[in-house]
Amino acid sequence: MPIALLWFRRDLRLADHPALLAARDAAGPDGAVLPVFVVDPRLWDPAGAARRCFLLDCLRDLDAAVDGALVLRSGHPARVIPALAREAGAETVHVSADAGPYGRQRDAAVERALGEVPLVRTGSPYAVTPGRVTKGDGTPFRVFSPFARAWRAHGWRAPAPRPRSVAWCTGVRSDVPPQQAPLDGVRLPPAGEAAARAAWRRFLDERLAGYRDTRNTPGTEGTSRVSAYLKYGCLHPRTLLADLAGIEDASAESYRTELAWREFYADVLWHRPETHREAFDQRMRAIAYDTGPDADERFAAWAAGRTGYPIVDAGMRQLVGEAWVHNRVRMVVASFLVKDLHVDWWRGARHFLARLVDGDLASNNHGWQWVAGTGTDASPYHRVFNPTRQGKQFDPDGAYVRRWVPELRDVPARYVHEPWLAPDGVPDGYPLPIVDHAEERRVALDRYARLRASP
Ligand SMILES: Cc1cc2nc3c(=O)[nH]c(=O)nc-3n(C[C@H](O)[C@H](O)[C@H](O)COP(=O)(O)OP(=O)(O)OC[C@H]3O[C@@H](n4cnc5c(N)ncnc54)[C@H](O)[C@@H]3O)c2cc1C
């Protein structure tokens with residue numbers, strides 16, 4: 001019986017899955033598809049407890065969807081996949097292409113190790129495969145807006161149909177899933193494809209209309225919260241874009257733009273894989289960051305949500321409580337770490353990646369670089385977020401801060417973003433600001449000016 005091996009990675013769904021259709025077609029009417037997931041230590045170990053829990057739950061959901069046939073194996077894919085293909089007699093191996101630096105190298109190694117058995121890449125986790133949208137002269141975009149225009153002009157395919165039935169190959173031994181203790185007290189989204197679709201539907205029905213206005217207010221549930229589903233491919237962005245097609249209001253437009261950011265960062269990383277670690281803007285590689293015990297102490301206060309700046313502390317505590325942070329607040333806390341505490345963006349990015357349930361190398365590290373002024377921002381280093389002003393503007397009644405910082409629950413709205421000014425003083429147990437924002441802003445801009453002045 002012809003067997004096509006389908007290696008699931010960041011595509012844990014059955015709907016809108018071109019690689020699944022390719023595997024089914026390759027197996028033919030008399031064949032079967034062997035669904036496989038590899039627990040790769042290179043990705044599993046640094047993922048952090050939240051992503052590990054969420055991923056295991058997604059895999060349980062996927063296993064049920066493939067009638068219990070999902071084969072799980074642990075180890076390096078370049079060893080595991082060829083061995084499994086031999087064991088099952090698979091004639092082809094199918095994947096959705098990976099655009100990340102590690103994924104590309106890994107897949108090339110798997111392809112070599114497979115020898116005669118072809119590795120067939122169909123589709124990717126993006127509406128437009130990274131690398132495909134370029135400037136007229138064939139060079140990559142460095143700035144978001146022109147990329148987004150070209151991305152829209154390029155367009156994307158309609159969603160692939162969900163196959164009515166697939167003959168799954170059964171009886172192949174599966175490893176026991178790795179151990180991961182449940183995360184006590186952390187509210188993760190429900191896992192899997194059906195939960196992802198339900199979350200997306202709810203957003204379309206209840207929140208899309210107001211998205212343009214509410215997407216920046218962390219105290220309201222204004223965004224779609226589908227990032228973890230996109231990360232693991234429980235949903236494909238093409239599905240979302242198809243549902244938005246024909247809706248031309250400002251909110252739908254704004255949502256498409258957010259999806260374009262995800263595609264832009266994947267594209268940037270595809271062209272410049274080294275920028276997951278190194279400054280995209282090479283001039284910024286020499287910027288001075290603080291290190292040593294004082295910097296470590298400030299980093300620890302930031303990570304614990306004890307900086308004395310309410311919106312920063314609320315964001316860092318949301319990261320602990322939900323393994324997710326509102327986008328506006330991600331920008332504020334990142335700016336605070338880099339420009340108020342003068343800590344390398346890379347440390348913050350690593351901290352996020354080990355904790356976010358949606359942690360994604362391209363969106364995260366380039367989101368950090370954008371804020372740090374080392375990345376693709378067109379007006380880079382001068383942008384220093386004022387945490388008090390950001391709090392007042394985007395959380396005017398303090399709902400977000402009160403939710404995550406219980407010490408500030410009873411502080412009047414007028415002082416909730418600057419409790420040090422409250423007539424009764426800062427509530428017991430809440431710290432005074434660990435730095436003076438105005439002063440640190442000057443320090444950051446001064447370092448930048450010196451860098452620019454240096455030959
Ligand atoms: C410092 C920093 C780190 C970030 N780290 C990550 C990360 O690890 N993983 C991740 O998915 N996003 C990351 N983002 C982007 C953004 O914060 C999240 O995608 C968003 O908060 C997810 O919530 P949502 O699904 O409700 O977003 P919505 O507002 O509903 O947006 C819909 C989708 O658009 C995409 N999107 C929205 N904003 C951005 C953005 N600025 N950059 C890239 N994609 C975007 C996401 O896929 C998101 O799910 C980061 C942003 C910053 C500033």
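Mentor: Start with a definition. A cavity is a set of points, on a 1 Å grid over the protein atoms alone, where a 1.4 Å probe fits but cannot get out. Lining residues have an atom within 4 Å of a point. Points are joined across faces, edges and corners, and the volume is the space filled by probe spheres set on them. This is a predicted model: local features need pLDDT of at least 70, side-chain atom pairs count only at pLDDT 80 or more, and totals for chains, interfaces and linings use all residues. Residues are numbered from 1 along each chain as its sequence is written, and side-chain values use heavy atoms, leaving out hydrogens and water.

Now the spaces. Two cavities reach 30 Å³ or more.

Around it sit Arg9, Arg10, Asp11, Ser96, Ala97, Asp98 and Pro125. Its lining splits into two nonpolar, one polar and four charged residues.

Next, the rings. Rings of Phe, Tyr and Trp (its six-membered ring) pair if their centres lie within 6.5 Å; planes under 30 degrees apart are stacked, over 60 edge-to-face, the rest tilted. The count is 23 aromatic pairs. Take Trp200 and Tyr255: the ring centres are 5.4 Å apart and the planes meet at 45 degrees, so this pair is tilted. Trp200 lies in helix H7 (residues 193-206) and Tyr255 in helix H11 (residues 250-271), so the pair ties together parts 55 residues apart in sequence. Helices are DSSP runs (H or I, at least four residues), numbered from the N terminus. Trp200 is buried, at 3% relative accessible area. Tyr255 is buried too, at 4%. Buried means under 20% with a 1.4 Å probe, protein chains only.

Trp345 and Trp346 form an edge-to-face pair, 6.3 Å centre to centre with 80 degrees between the planes. Trp345 is buried at 3% relative accessibility, and Trp346 is buried at 18%.

Finally, find the cluster. Ring pairs link Phe141, Phe144, Phe147, Trp261, Phe264, Tyr265 and Trp370.

Terms used:
1 Å grid on protein atoms, 1.4 Å probe; cavity = no way out; pocket = protein on both sides within 12 Å on 5 of 7 lines; lining within 4 Å. Nonpolar A, V, L, I, M, F, W, Y, C, P; charged D, E, K, R; others polar. Helix = DSSP H or I, 4+ residues; strand = E, 2+ residues; numbered from the N terminus. Buried < 20%, exposed > 50% of the residue type's maximum accessible area, 1.4 Å probe, protein only.
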